[in-house]
Amino acid sequence: MVPPTAGPSKSANQPLHGTKRPASDANNDRDEIKRVKMMNARTILSQPSESSLKQGQLDVGAFVSSRKYEIQQLSDSMRKSKAIQKQQTFQVVPRSLRRRAASHHIRFLPPRFREQAQQEYKDSGIQLTPKKRRRITRLHLRRDTALKLKYFARRRKAYHCDRKRSTYPVGINELATKVIMERKFKKRQKDKTWLPTHLWHAKRAHMINKWGYVIPSHPNEKCFRPTHRASQNGSGIVFDTSYYATMILQGQHDSLHMAVNIISRSKACGKTYLLGDRAFEGPIYNDSNNDCAIGEAVIYFEPTAELGDGLANKCRRVLIRVHPAAFDETWKTLRALVTETRERELDPDPDMELQDCRFAIGSIDIFGPKSLKVVGHNLRLNLEKDVTVHQAWSMATAAGDPKLIPLGAVFPLGFFDPRTISTPSRDRKVATWESRDVSKQSLICKSLNEMARHLGSRAPSPLFTTQGRSIRVEHAKIAHGRLKQRRAANSKAVDAKKSSQILLKKETLVFNDDVSIPAIMIRRANGAISLLLPWQWVAIFFKKLVLPAYTIYGGLQQYHQILCERMLPYFPDDFPGTPAGQVEEREKMTQREKEWKSRPRSKKIIYDALDLRNGEKKGEVGNPFACDWRYLLEADAIAGYYPPNESANQQDSSSTGSNAPWMITDMARALSERNKLRQNLMAAVFTVQIIMIGRGAPRPSARIYGIPVRDRSKWMQLKRNRKIVPGSSEYPVCPKRDYLIGFVTSGGFNLKEGKGSGIASLSWAKVEQNGGFNYRYCIVRDVGERIGRLALYKPL
Amino acid sequence: MVRFKSRYILFTVHYPVLTDIDKICPSDDSASNYPARFQDKKAPSLSDRNILPGGKEGNLGKEMRTLLHKRPAPDGVTLNAVNTAFRDALNRNFGDLGAGLVRASVSLKYFSPATSTGIIRVSRDHYRIVWAALTLLNEIAGVKVVITVDHVSGTMRKCEKVAISKNIKVVRELSGDL
């Protein structure tokens with residue numbers, strides 16, 4: 001084939017102002033090279049025409065190939081011109097790793113960019129901050145020697161045995177003493193508890209002090225969309241949820257059964273739960289007679305071989321995990337139950353005890369369709385010689401999506417120290433696995449079952465006991481040494497077995513002093529995986545999960561956002577019927593009011609001047625800074641519905657203010673028994689999902705109205721006729737206060753649905769008054785807004 | 001700071017009156033890959049026929065027209081020839097003023113004689129002059145030509161992408177059309 005010619009001719013490419021070619025010296029050689037490189041990048045090669053035209057015949061094959069050649073060259077040109085763009089190092093560094101100090105301090109760039117940056121900084125003449133030089137005076141010398149001696153002393157194993165904790169304290173029948181994470185910062189942890197990953201998060205996220213813990217609230221970068229992407233399509237998002245309170249109830253099987261029965265109203269006592277195959281996740285109640293839920297909990301019985309008659313007196317354990325906001329109430333209830341069981345006359349259980357493991361067991365929550373895969377890549381099971389389990393584990397983790405695991409499934413696992421195993425390099429992206437493939441799903445189910453079987457899921461996890469949890473964390477350098485050891489041994493073994501077909505898995509290389517870190521993996525109702533670990537190991541596992549595989553980290557706001565997108569309620573915000581929810585609401589109200597008061601009058605909404613134009617007097621309905629449950633559940637408003645005698649009696653006998661809402665957790669039961677429960681339902685409240693029909697996104701504390709019967713047709717018209725816009729005259733006016741049925745507790749634009757959505761709580765009595773439970777349309781109006789928007793609600 | 005903005009014009013050269021292609025036939029080695037209708041050599045002789053696309057060639061089927069839509073350039077038409085002819089056209093049609101306005105910024109970035117496709121770069125302010133000059137250009141190196149503009153855009157990449165997609169379409173039609 002005739003060699004291709006360069007595209008643009010010399011005449012076209014001549015520099016505009018006729019610059020002289022400089023005499024060559026070292027600098028100009030580099031310029032020359034650059035120039036040639038630039039020219040090469042900008043040239044598009046083309047074929048002369050002879051190749052496809054021969055003797056008056058048009059050769060189809062050559063014709064097509066000349067097209068293909070052109071395609072190739074144009075693509076190459078696009079690629080080359082992109083590559084030739086001179087990009088500085090700081091432009092290439094991913095957004096989350098960019099630091100301001102990197103502009104004059106090489107140390108703040110990721111290691112792989114430092115060399116390149118060194119050259120660039122030299123070229124552009126930036127004044128780099130020099131490395132700190134140590135002053136050498138006698139005092140300093142003595143100090144340095146002292147430090148060195150300390151360092152050498154530390155390297156001795158004996159030092160570690162004395163100094164480092166093996167496990168963290170557990171309170172038996174009393175609250176545990178909280179743990180101090182970094183001794184250097186002891187003073188800062190006087191009245192708050194740090195999470196195991198505090199230092200890591202503090203550099204990357206904005207922290208808040210909540211429920212006695214310092215928890216990341218949101219990352220430093222903007223991450224509304226990345227969070228959505230990570231939890232929906234991407235590698236996943238990891239949270240340190242060690243602030244969740246864990247308690248272990250220990251005692252005879254029968255008494256445990258009874259206790260759990262009471263707090264979960266017998267929902268957690270099904271056979272699978274008692275066996276320890278699955279973890280129960282649902283509402284728990286306090287001991288009194290009313291149906292007031294405290295919050296949501298995860299209840300996991302320690303697995304046993306079988307449920308039989310001989311079980312009644314056997315010692316067993318139950319793990320109960322609650323949100324810290326609900327911990328106080330739960331602890332009180334359980335503690336009372338324990339004392340009662342110990343001291344009752346009929347069949348007492350003197351050994352029953354309640355362990356407060358809040359600072360002994362930490363956890364990591366992972367969301368995302370590839371999250372299992374990330375776990376599988378970075379953590380390895382330590383099970384000697386059990387190849388089938390490893391295969392099942394790799395099959396299960398290859399699936400990636402936690403939603404494929406059955407709800408509440410629990411896996412007691414034992415991992416290697418993740419610092420001592422090889423993990424895939426950063427550049428290797430996690431490959432996709434079509435989770436939609438039905439055949440693959442069944443394969444996964446099978447492999448999961450197999451794995452559970454082989455793991456002896458009927459054998460209890462060491463995480464339950466203090467001895468099981470006390471695996472000491474080695475110094476990082478020692479762990480790294482172990483990694484090198486393992487790699488060397490592995491490559492030796494691979495070389496030795498090169499001829500054989502068997503691929504030696506790294507997992508089967510177990511050294512004598514390898515630790516097996518107990519962990520429990522639970523598949524949660526919100527589609528996440530909770531990985532329960534001993535407190536001292538959480539930070540290490542967390543770092544290993546976040547760094548390599550493009551998973552992102554998040555704070556409370558991101559957790560809230562993910563649940564909101566999945567239309568699931570988030571504790572405590574979306575549980576106004578619980579004491580914890582009410583506390584949260586009060587806090588938010590004071591916060592909002594404070595902010596509002598501090599703004600100048602021209603820059604804030606004046607709620608008193610709000611004119612809804614529906615014939616009522618001006619002003620916002622209820623307290624504009626909160627979901628005003630008191631306003632909604634005012635006795636007068638409801639008295640008209642219930643006969644006055646009954647309601648008067650009820651008010652006297654109720655313990656808390658009758659206006660405090662309580663949450664209905666079982667809608668079906670409430671619906672069927674409503675006549676029986678009529679008195680109690682006055683202040684009852686139930687959770688619904690809200691989906692907007694047109695535009696608009698509900699914000700927290702937005703007001704929800706039922707639609708008056710005569711206006712229904714007007715509102716329904718909005719659905720058909722898109723041109724009726726809030727400004728126009730046909731747009732219906734917001735209903736009056738009587739029609740208020742509830743408030744939005746969380747809401748916003750839902751990237752998953754593509755429209756506004758939220759979680760709300762509606763008052764039972766009001767809904768019944770305003771049209772019953774079958775008419776699901778409602779109007780949502782933000783606080784301070786005049787316009788109400790049409791929405792649908794769906795009870796959870 | 002105002003940026004210097006440019007336009008990239010993707011154009012094709014057509015040869016309305018050309019008699020040097022007599023028949024269309026498949027190459028010997030890849031005979032199996034191409035549609036059956038090209039297999040037989042009974043294609044009619046194309047001499048003395050006006051083969052403008054859309055012209056009324058009775059027995060030239062749509063497939064032939066596809067092929068000859070962008071046929072390879074005849075011998076005289078090379079990058080330099082196109083360049084010269086184009087600047088000539090500018091001068092003739094728009095005079096010294098017109099030619100001077102664009103001369104600094106216009107450049108022929110790419111021309112392939114194999115496919116008769118080219119890309120010209122102009123400053124954004126005067127691209128219409130260039131476009132008009134291309135339209136009025138009717139002879140390159142003695143060969144009668146008609147130039148059509150396929151795409152105008154602010155970046156080179158977009159023009160390249162359009163060229164690629166057109167080529168892909170042709171290739172797909174010819175090789176997938178079995």
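1. What percentage of the 178 residues of chain B count as buried? The share is 47%, where buried means under 20% relative accessible area, with a 1.4 Å probe and protein chains only. The structure is a predicted model, in which local features need pLDDT of at least 70 and side-chain atom pairs count only at pLDDT 80 or more, while totals for chains, interfaces and linings use all residues. Residues are numbered from 1 along each chain as its sequence is written, chains are lettered from A and ligands numbered from 1 in the order in which they are written, and side-chain values use heavy atoms, without hydrogens and water.

2. Chain B contains four helices and seven strands; helices (H or I, at least four residues) and strands (E, at least two) are DSSP runs, numbered from the N terminus. Read from the N terminus, the order of elements in chain B is β-β-α-α-β-β-α-β-β-β-α. Among contacts in chain B (heavy atoms within 4.5 Å) between residues at least 6 apart in sequence, 73% link residues at least 24 apart.

3. In chain B, helix α2 (residues 79-103) packs against helix α3 (residues 127-136) at an angle of about 160°, and their axes lie 8 Å apart. Axes are lines fitted to C-alpha atoms, for helices over the stretch in contact, and angles run from 0 to 180 degrees between N-to-C directions. The angle therefore makes α2(B) roughly antiparallel to α3(B), a term for angles over 145 degrees. Contact residues include B:F86, B:L90 and B:F94 of α2(B) and B:I129, B:V130 and B:L134 of α3(B). By class, the residues of this contact are twelve nonpolar, one polar and no charged; Ala, Val, Leu, Ile, Met, Phe, Trp, Tyr, Cys and Pro count as nonpolar, Asp, Glu, Lys and Arg as charged, and the others, Gly among them, as polar.

4. Chain A has 26 helices and 24 strands, and 48% of its 796 residues are buried.

5. Helix α18 (residues 535-546) of chain A has ten of its twelve residues buried, so α18(A) is largely enclosed by the rest of the structure. Among the buried residues are A:W535, A:W537, A:F541 and A:F542.

6. A:K210 belongs to strand β5 (residues 205-210) of chain A. A:K210 is buried, with a relative accessible area of 17%. Apart from neighbours within four places in sequence, A:K210 is in contact with A:I215, A:L556, A:E584 and A:E587. The C-alpha atoms of A:K210 and A:P324 are separated by 9.1 Å, although these residues are 114 residues apart along the chain.

Conventions: Angles under 35 degrees count as roughly parallel, over 145 as roughly antiparallel, 65 to 115 as roughly perpendicular and the rest as oblique. Buried means under 20% relative accessible area, exposed over 50%, partly exposed in between (1.4 Å probe, protein chains only).
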